[in-house]
Amino acid sequence: MCDLKPGDEVVRYRMGPAGPHPLSITPDPEIGHVGIVTAVGETVCGGFWIELDNWPADPLCGLPAEHFRKVQRRDLTAWLATKNTIEDPNPVPAKEVS
């Protein structure tokens, strides 16, 4: 089952062992390539393919969906608003030097 759907922002996190489809006329995007899914389909062997908005669609085959994951965008405003407590809560008083 493929959890990717059109509109999802995805990033390529791995490459396949066999390389691109032998009949493919477009090169594979590199690891780290980010795009928006425009189409999802099932392959004849039970896998899934996707097409991206910023990568040329190959007329013979899409990109393997298992090489992509959804981009996780986190809201850091709450974390940035937390007080920084670097100071030691139990400071040792300095000794006087005579």
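The conversation below takes the labels in turn and sets values against cut-offs.

Student: What kind of model is this, and what elements does the protein chain have?

Tutor: Happy to start there: this is a predicted model. The protein chain has one helix and five strands, and along the sequence they follow the pattern β-β-β-β-β-α.

Student: How do you know that strand 2 and strand 3 pair?

Tutor: Pairing needs at least two bridges between two strands. Strand 2 (residues 34-42) and strand 3 (residues 48-52) have five bridges in the antiparallel sense, so they meet the rule. You can check it at Val-40, which stands opposite Ile-50 in strand 3, and at Gly-41, whose bridge partner in strand 3 is Trp-49. These two strands form a hairpin with five residues between them, and Gly-46 in the turn has a positive phi of about 95°.

Student: What makes strand 3 and strand 4 a pair?

Tutor: Strand 3 and strand 4 have two bridges, antiparallel again, and the rule asks for at least two. Trp-49 has Pro-64 as its bridge partner in strand 4.

Student: And which strands does strand 1 pair with?

Tutor: Strand 1 (residues 9-12) pairs with strand 2 over three bridges in the antiparallel sense, and it pairs with strand 5 over three bridges, antiparallel as well.

Student: Why are strand 4 and strand 5 called edge strands?

Tutor: The open sheet has the strand order 4-3-2-1-5, with antiparallel pairing. Strand 4 (63-64) and strand 5 (68-70) each pair on one side only, and that is what the name edge strand refers to here.

Student: Why is Asp-8 called buried, while Lys-5 is called partly exposed?

Tutor: Buried means under 20% relative accessible area, and exposed means over 50%. Asp-8 comes to 11%, so it counts as buried. Lys-5 comes to 46%, which is in between, so it counts as partly exposed.

Student: How do you know that Asp-8 and Lys-5 meet in a salt bridge?

Tutor: The cut-off is 4 Å between a side-chain nitrogen of Lys or Arg and a carboxyl oxygen of Asp or Glu. For Asp-8 and Lys-5 the N to O distance is 3.2 Å, so the pair qualifies.

Student: What makes Asp-8 and Lys-70 a salt bridge too?

Tutor: Their closest N and O atoms are 3.7 Å apart, within the 4 Å cut-off. Asp-8 lies in the segment before strand 1 and Lys-70 in strand 5, so this pair ties together parts that are 62 residues apart in sequence. Lys-70 counts as partly exposed, at 29%.

Student: Which other salt bridge is there, and how does it compare with the cut-off?

Tutor: Asp-28 forms one with Arg-12, with the closest N and O atoms 3.8 Å apart, again within 4 Å. This pair links Asp-28 in the loop between strand 1 and strand 2 to Arg-12 in strand 1, 16 residues apart. Asp-28 and Arg-12 are both buried. The count by this rule comes to three salt bridges, and those that share partners join Lys-5, Asp-8 and Lys-70 into one network.

Student: Why is Thr-26 called buried, and what is it in contact with?

Tutor: Thr-26 has a relative accessible area of 16%, under the 20% limit, so it is buried. Thr-26 sits in the loop between strand 1 and strand 2. Leaving aside neighbours within four places in sequence, Thr-26 is in contact with Pro-56 and Asp-58. The C-alpha atoms of Thr-26 and Pro-56 are separated by 7.0 Å, although the residues are 30 apart along the chain.

Student: Which residues make up the largest nonpolar core?

Tutor: That core has nine residues: Cys-2, Leu-4, Val-10, Val-37, Ile-50, Leu-52, Leu-63, Ala-65 and Phe-68. Beyond its neighbours within four places in sequence, Phe-68 has contacts that include Leu-4, Val-10, Ile-50, Leu-52 and Leu-63.

Student: Last one: is Leu-80 buried or exposed?

Tutor: Leu-80 has a relative accessible area of 60%, over the 50% cut-off, so it is exposed. Leu-80 has its place in helix 1 (residues 77-81), and together with Leu-76 and Trp-79 it makes a nonpolar surface patch of about 380 Å².

Technical notes:
Residues numbered from 1 in each chain as written. Predicted model: local features only at pLDDT ≥ 70, side-chain atom pairs only at ≥ 80, totals over all residues. Heavy atoms only, no water. Helix = DSSP H or I, 4+ residues; strand = E, 2+ residues; numbered from the N terminus. Patch = residues over 30% accessible without salt bridge, like charges linked within 9 Å, V, L, I, M, F, W, Y side chains within 5 Å. Areas by Shrake-Rupley, 256 points an atom, 1.4 Å probe, with all protein chains shown as cover. Buried < 20%, exposed > 50% of the residue type's maximum accessible area, 1.4 Å probe, protein only. Core = buried A, V, L, I, M, F, W, Y, C linked by side-chain atoms within 4.5 Å. Contact = heavy atoms within 4.5 Å.
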